[in-house]
Amino acid sequence: MSHKTVLCVAALALLAMTSPRAGGWGCKGHQTVALIAEKHLTPEARQLVQKLLGDNPIDPKLKRWCGNATTDLMVDASTWPDDVRNERKNGPWHYIDIPRGKHKGDLAEYCGSEGCVTRAIEEQRAILKDKSADPLKRAEAIRYLIHFVGDMHQPLHAITNADNGGNCVPVKYLRHEPLANSLHPEREEYSPNLHQVWDTEIVERDMEISNPFRYADELDEKFHTEIAFWEAAGIHVDNWAWESHKLAETAVYDAFPEKITVEPDMKLKSCAEDSHMGKRMFDKHLAIGEAYQASAAKAVQIGLAEAGVRLAMILNDAAKSAN
Ligand SMILES: [Zn+2]
């Protein structure tokens with residue numbers, strides 16, 4: 001290996017270690033959603049959640065991507081589904097691929113045979129409400145709900161443009177140019193890419209030196225008025241997915257000055273498919289600068305706050321019917 005190749009491989013290995021897997025909000029985003037939800041739980045929901053999570057702890061041998069230093073059970077729960085997604089093979093539960101250009105209708109046709117985020121939320125709600133269900137399953141249902149209600153509010157988890165939810169769209173983020181995966185350049189996978197930036201970078205830059213605890217306090221206060229409206233609107237999981245989808249159109253794709261056309265719907269096994277999607281998008285030289293970051297951060301803040309409040313509504317509702 002040449003010196004340059006070694007450096008390149010080392011850089012990639014580092015990137016793989018430091019960037020979270022493409023799987024929804026990064027650690028801090030999910031933790032913020034859990035913390036906002038905690039502020040809106042009824043006493044009976046708080047009690048149910050603490051009892052089920054406390055009595056059925058997460059396997060201490062499980063490798064925790066976001067660490068296990070927290071004593072807050074909901075914060076700890078918020079990132080667990082990403083840690084088990086490979087062994088449980090339930091990756092599709094984290095998103096719903098609604099093709100770009102769709103505006104309303106039944107979501108069932110976009111929910112594949114392996115499931116999707118809206119169906120997973122309904123299934124886990126039913127398990128949590130069932131008093132006769134195995135308490136371990138009910139604890140897991142809480143962990144899934146905390147995570148999935150968060151994930152569905154990441155706009156790129158409710159849209160696809162034949163680009164695997166933006167995973168096949170290379171972007172320059174601030175001063176970081178997109179680099180191809182040098183071990184498998186034929187896959188046309190780049191980092192940073194649009195999905196990854198929305199999962200993690202936009203949120204964490206907006207948090208600055210804050211932490212999920214402070215950020216949750218800030219957002220809860222900032223959206224005080226809106227929160228009353230979100231609560232009054234009730235639990236409508238499918239509508240939330242459509243809202244997230246709509247937001248992806250405007251805040252993610254249309255926010256670039258370059259036009260990103262609507263692609264015919266298809267699911268790619270690699271970004272090289274669909275006549276070199278990855279390369280075609282790379283050639284657009286999309287760049288996220290301060291202006292995009294600022295408008296995206298607004299959308300992200302609302303999404304995290306909505307997710308927290310709506311998660312609390314789901315848990316409060318479950319605690320009413322079950323104990
Ligand atoms: Zn996820």
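**Figure 1. Packing around helix 2 in the predicted model.** The buried residues of helix 2 pack against helix 4 (73-78), helix 7 (135-152), helix 8, helix 9 (212-222) and helix 13 (290-321). Helices here are DSSP runs of H or I with at least four residues, strands are runs of E with at least two, and both are numbered from the N terminus. Buried means that 20 or more other C-beta atoms lie within 10 Å of a residue's own; exposed means 12 or fewer; partly exposed falls in between, with C-beta atoms placed from the backbone. Helix 2 covers residues 27-38. Of its 12 residues, 12 are buried. Among them are Cys27, Lys28, His30, Gln31 and Glu38. The model is predicted: local features need pLDDT of at least 70, side-chain atom pairs count only at pLDDT 80 or more, and totals for chains, interfaces and linings use all residues. Residues are numbered from 1 along each chain as its sequence is written.

Figure 2. Val203 lies in helix 8, which spans residues 194-207. Val203 is buried because 26 other C-beta atoms lie within 10 Å. Beyond its neighbours within four places in sequence, Val203 contacts Trp25, Gly26, Lys28, Gly29 and Val300. A contact requires C-beta atoms, placed from the backbone, to lie within 7 Å. Lys28 and Gly29 are buried residues of helix 2. Val300 is 97 residues from Val203 along the chain, yet their C-alpha atoms are separated by 6.7 Å.

**Figure 3. Crossing of helix 7 and helix 13.** The two helices pack at about 140 degrees, with axes 9 Å apart. Axes are lines fitted to C-alpha atoms over the stretch in contact, and angles run from 0 to 180 degrees between N-to-C directions. Helix 7 contributes Leu145, Ile146, Val149 and Gly150; helix 13 contributes Ala307, Arg310, Leu311 and Ile314. By class, the contact has six nonpolar, one polar and one charged residues. Ala, Val, Leu, Ile, Met, Phe, Trp, Tyr, Cys and Pro count as nonpolar, Asp, Glu, Lys and Arg as charged, and the others, Gly among them, as polar.

Figure 4. Most residues other than glycine have a negative phi, and most peptide bonds are trans. A cis peptide bond joins Ser191 and Pro192, with omega about 0 degrees. Pro192 sits in the loop between strand 3 (190-191) and helix 8. Lys89, not a glycine, has a positive phi of about 50 degrees. Its loop runs between helix 5 (80-88) and helix 6 (117-129). Lys89 is exposed, with 10 other C-beta atoms within 10 Å. Ala162 also has a positive phi, near 55 degrees. Ala162 is found in the loop between helix 7 and strand 1 (172-173). With 18 other C-beta atoms within 10 Å, Ala162 is partly exposed.

**Figure 5. Setting of the close-ups in the whole protein.** The secondary structure comes to 13 helices and four strands. The C-alpha atoms fill a box of roughly 60 × 45 × 40 Å along the principal axes. Buried residues make up 43% of the 323 residues. Of the contacts with a separation of 6 or more, 78% join residues 24 or more positions apart.

Technical notes: Contact = placed C-beta atoms within 7 Å. Expected span 1.5 Å × (residues − 1).
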